[in-house]
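Trainee: I have a fold open on my screen and would like to learn how to read it feature by feature. Could you walk me through it?

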Amino acid sequence: MRFAGKRAVVTGGASGIGRATALRLVDEGAEVWIGDVDETGGRALAETSNGRIHFLRTDVTEVDDIAALMAAADSAGGLDVLFNNAGAGGSRDRIDEISADDWDRTQSLLLRSVAMGIRYAAPLMTARGGGAIVNTASIAALQSGAAPTAYSVAKAGVLHLTHLAAAELSRHNIRVNAVCPGFITTNIFTAALGLDSDKRAAANGMIAGIAAQAQPLQRAGRPEDIAAAVAYLASDDAGFVTGTHITVDGGMTIGPRHSWDPAAPAMFAALEKFAS
């Protein structure tokens, strides 16, 4: 019960990684406020939580919504944990095709929202004597080829913002860290493709099959894998950890595919065969 007596905010908490993390925090004793634009999913989760999860409709591109969500948790006795998680795939256009408006919308959803979450949570945590903030970045922040350009740049910004905020807020005993998920099977992929609900289940099954072959650990990543990392970073077990990130990707970023897949072509293996 690492979060007994603590209050947490989870943005994007109605589904996927946010939902799994809200449930994990509740299981470990927290009272959780989730913010999401998905009112149906958010209210359903709250109604099945025996009063441990509270829902407030929150559009994280609206600063007033973010401030209201933080204030709601604080009004119950103070804010201890923030998981800045809300997001979507954003524009899939290439850098030589994307419009300025689509670029700005993606940055607002994925980067500005995290900055404003920290902005409105930090004073409340300072009043409590400290707290823990965890931000959802991505392996797309670490390398090319993992996601569209606008999304990847936003997540790289989240990662650097994590470093800067950790430095600035350390004097208030507020720790700031990030998680970098890899190929996690959530609806973010099907939503980005614009699939309707009838096709999402089949598409998610296909995505899970692909994901199992995309990294050294041959299973699809689950939202609960990220929730476990977030719970660690937000807990006192990580009390001496700040300004860093945990990559949860099944080893996808270990190195080139031939480093872990014997069937993948490798330049040095080809040269050795030629030399022999």
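Trainee: Let me begin with the largest cavity: how many nonpolar, polar and charged residues are in its lining?

Mentor: Here is the general idea: rolling a probe the size of a water molecule over the atoms shows where empty space is left. In this predicted model, the lining of the largest cavity divides into 6 nonpolar and 6 polar residues, with no charged residues.

Trainee: Which residues line the largest cavity?

Mentor: Among them are Thr 11, Thr 58, Val 60, Asn 84, Asn 85 and Ala 86. The lining also includes Ile 66, Leu 69 and Met 70, as well as Ser 113, Val 114 and Gly 117. The volume of the largest cavity is about 60 Å³, and the count of cavities of 30 Å³ or more is 1.

Trainee: Now the second largest pocket. What is its volume, and which classes of residue line it?

Mentor: The volume of the second largest pocket is about 200 Å³. Its lining has 3 nonpolar, 5 polar and 4 charged residues.

Trainee: Val 81 makes me curious about its strand. Which way do the residues of β4 point?

Mentor: When you read a strand, follow the side chains along it and then look for its partners. In β4 (residues 81-84), Val 81 and Phe 83 point one way, Leu 82 and Asn 84 point the other way, and all are buried. You have met Asn 84 already, in the lining of the largest cavity.

Trainee: Which strands pair with β4?

Mentor: Strand β1 (residues 7-11) pairs with β4 in the parallel sense over 3 bridges, and Val 9 stands opposite Leu 82 there. Strand β5 (residues 131-136) also runs parallel to β4, joined to it by 4 bridges. In β5, Leu 82 has Ile 133 as its bridge partner. Between these two strands, the chain passes from β4 through helix α4 (residues 100-128) to β5, and this β-α-β crossover is right-handed.

Trainee: Why is β5 described as largely enclosed by the rest of the structure?

Mentor: Because 6 of the 6 residues of β5 are buried. Gly 131, Ile 133 and Asn 135 point one way, whereas Ala 132, Val 134 and Thr 136 point the other way.

Trainee: And which strand does β5 pair with over 6 bridges?

Mentor: That is β6 (residues 174-181), and the pairing is parallel. Val 134 has its bridge partner in β6 at Asn 177. Here too the chain makes a right-handed β-α-β crossover, going from β5 through helix α5 (residues 149-169) to β6.

Trainee: Let me turn to charges. How many salt bridges are there?

Mentor: The general idea first: side chains of opposite charge can pair when their charged atoms come close. In this structure the count comes to 11 salt bridges. One of them joins Asp 237 to Arg 2, with the closest N and O atoms 3.0 Å apart. This pair links distant parts of the chain, 235 residues apart: Asp 237 is in the loop between α8 (223-234) and β7 (245-248), and Arg 2 is in the segment before β1.

Trainee: Which residues are linked with Arg 2 in a network of salt bridges?

Mentor: The network links Arg 2 with Arg 24, Glu 28 and Asp 237. Within it, the side chains of Glu 28 and Arg 24 meet at 2.8 Å, N to O. Glu 28 is buried, with a relative accessible area of 10%, while Arg 24 is partly exposed at 29%.

Methods
Residues are numbered from 1 along each chain as its sequence is written. This is a predicted model: local features need pLDDT of at least 70, side-chain atom pairs count only at pLDDT 80 or more; totals for chains, interfaces and linings use all residues. Side-chain values use heavy atoms; hydrogens and water are left out. Buried means under 20% relative accessible area, exposed over 50%, partly exposed in between (1.4 Å probe, protein chains only). Two strands pair if DSSP finds at least two bridges between them. A crossover is right-handed if, with the strands pointing away from the viewer, the path from the first strand over the helix to the second runs clockwise. On a 1 Å grid over the protein atoms alone, a cavity is a set of points where a 1.4 Å probe fits but cannot get out, and a pocket is an open set with protein on both sides within 12 Å along at least five of seven lines; lining residues have an atom within 4 Å of a point. Grid points are joined across faces, edges and corners, and a volume is the space filled by probe spheres set on the points. Ala, Val, Leu, Ile, Met, Phe, Trp, Tyr, Cys and Pro count as nonpolar, Asp, Glu, Lys and Arg as charged, and the others, Gly among them, as polar. A salt bridge is a side-chain nitrogen of Lys or Arg within 4 Å of a carboxyl oxygen of Asp or Glu.
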